[in-house]
Amino acid sequence: RSAFYLMYQKDTGRWEFTVPREAAAGTVTWLTARSVTVPALNRWTHLAGVYDATAGQLTLYVDGVAEGVRAGVTSLPSAGPFRIGRSQSGGRFDGAISDVRAWNRALPVTEVSDRTVAWWNFDGASVDSSRFGRGTSLTSLGTSYTADGKGLALDGDGCAEGYGPALRTDRSWTVAARVGLAAVLENRTVISQSGPARDAFYLQYHKDYKKWAVLVPSSVDGTPVWKQALSTAAPALNTWTHLTAVYDAQALTLTLYVNGAAQVTTTGVVAPASTGRIHIGCSGSGGRFSGTIDDVRLYASALPAADVVKLAAGTVVR
């Protein structure tokens, strides 16, 4: 048998991180850290299994959150091959596996998962600096860089277009950017991700509410029901402002932060899936931004409030 198993267990219907314990007469006891989350089919999920030999403990993380712990564990030595997508005896995986990493130490929670899926710092280039290196192009008109070369300047006509989806929008996500709004006569979208008929979310200045807003439709096609979280005050023009939108797919909540301060949390939000491209400085249907945008970050998880405060302060959060 294998010395450990990071797996889906059909008997429990959960993710598991398991170590066998040999006993007398060839019997085996299975020591398991089990998820609370029920696995969803055809959705990317980040799993991490950590064994701390000093503490004698297994911890299973699902999308960066510790969901299962098992104490009193002593892992067995093994010298066989490292297998991806199956165990020694079988148990073959059905689906997709990506970004497999292994360490010879127990990772602390701060290192368990780099949740960053895209990061555009716009330091004179539109390159995604995350490990995914997502392609981005600027429209030929209406885009430039700020005088110091440290941000994207938009005149209400241009925007930056990403290639392909960057987020699984029906799972938890966080989007953040530092912006300076120059004009308020129209909707001014900071970040969005397209679906067939409309985007899956819009982080923007909304001209009807006259506030910062994050809006999520119930569907990217058909007739949607809209949910939104708004800022408590109108934006200050030509002033650098940090915006963060956090969607928690487990709690079904949508929260907007301005300069690290929580504004409104909306409950009962079921975000739709989308497979279109990321837009920076516009939406799929327009809403082009007028002003400056910098330090755009996308995360495949709902960042806690403490991390949002760090982002607003300029600290790198992964």
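**Notebook: contacts, salt bridges and a nonpolar patch**

I began with contacts, defined as heavy atoms within 4.5 Å: residues 24 or more positions apart account for 59% of those in the chain with a separation of 6 or more. I note that this is a predicted model, in which local features need pLDDT of at least 70 and side-chain atom pairs count only at pLDDT 80 or more, while totals for chains, interfaces and linings use all residues. Residues are numbered from 1 along each chain as its sequence is written, and side-chain values use heavy atoms, with hydrogens and water left out.

**Entry: the whole chain**

Taken along the principal axes, the C-alpha atoms fill a box of roughly 80 × 40 × 30 Å.

I then turned to accessibility, where buried means under 20% relative accessible area, exposed over 50%, and partly exposed in between (1.4 Å probe, protein chains only). Of the 318 residues, 46% count as buried. The chain exposes about 15,400 Å², of which carbon and sulfur atoms supply 51%; accessible areas come from the Shrake-Rupley method with a 1.4 Å probe, and for residues only the protein chains shown count as cover.

For charges, I took Lys and Arg as positive and Asp and Glu as negative, without His and the chain ends. Each charge is placed at NZ of Lys, CZ of Arg, CG of Asp or CD of Glu. The mean positions of the 30 positive and 25 negative charges are 5 Å apart.

**Entry: salt bridges**

I counted eight salt bridges, each a side-chain nitrogen of Lys or Arg within 4 Å of a carboxyl oxygen of Asp or Glu.

I inspected Arg34 and Glu16, whose closest N and O atoms are 2.7 Å apart. This pair links distant parts of the chain, with Arg34 in strand β3 (residues 28–34) and Glu16 in strand β2 (residues 14–22), 18 residues apart. Glu16 is buried at a relative accessible area of 3%, whereas Arg34 is partly exposed at 38%.

I next examined Arg105 and Glu111, which form a salt bridge with their closest N and O atoms 2.8 Å apart. Arg105 is partly exposed at 43% relative accessibility, and Glu111 is also partly exposed, at 38%.

Asp307 and Lys310 meet in a salt bridge at 3.9 Å, N to O. I noted that they are separated by about one helical turn, because they lie three residues apart in helix α1 (residues 305–312). Asp307 is buried at 11%, while Lys310 is partly exposed at 40%.

**Entry: Ser194**

I located Ser194 in strand β13 (residues 188–194). Ser194 counts as buried, at 11% relative accessibility. Leaving out residues up to four places away in sequence, I found that Ser194 touches Asp199, Ser274, Thr275, Gly276, Arg277, His279 and Gly284.

**Entry: a nonpolar patch**

I recorded a nonpolar surface patch of about 590 Å², made by Phe4, Phe82, Ile84, Phe93, Ile97 and Val100. Patches are made of residues with over 30% relative accessible area and no salt bridge, like charges being joined within 9 Å and nonpolar side chains (Val, Leu, Ile, Met, Phe, Trp, Tyr) within 5 Å. Ile97 lies in the loop between β6 (65–71) and β7 (116–120). With a relative accessible area of 43%, Ile97 is partly exposed.

Key: Helix = DSSP H or I, 4+ residues; strand = E, 2+ residues; numbered from the N terminus.
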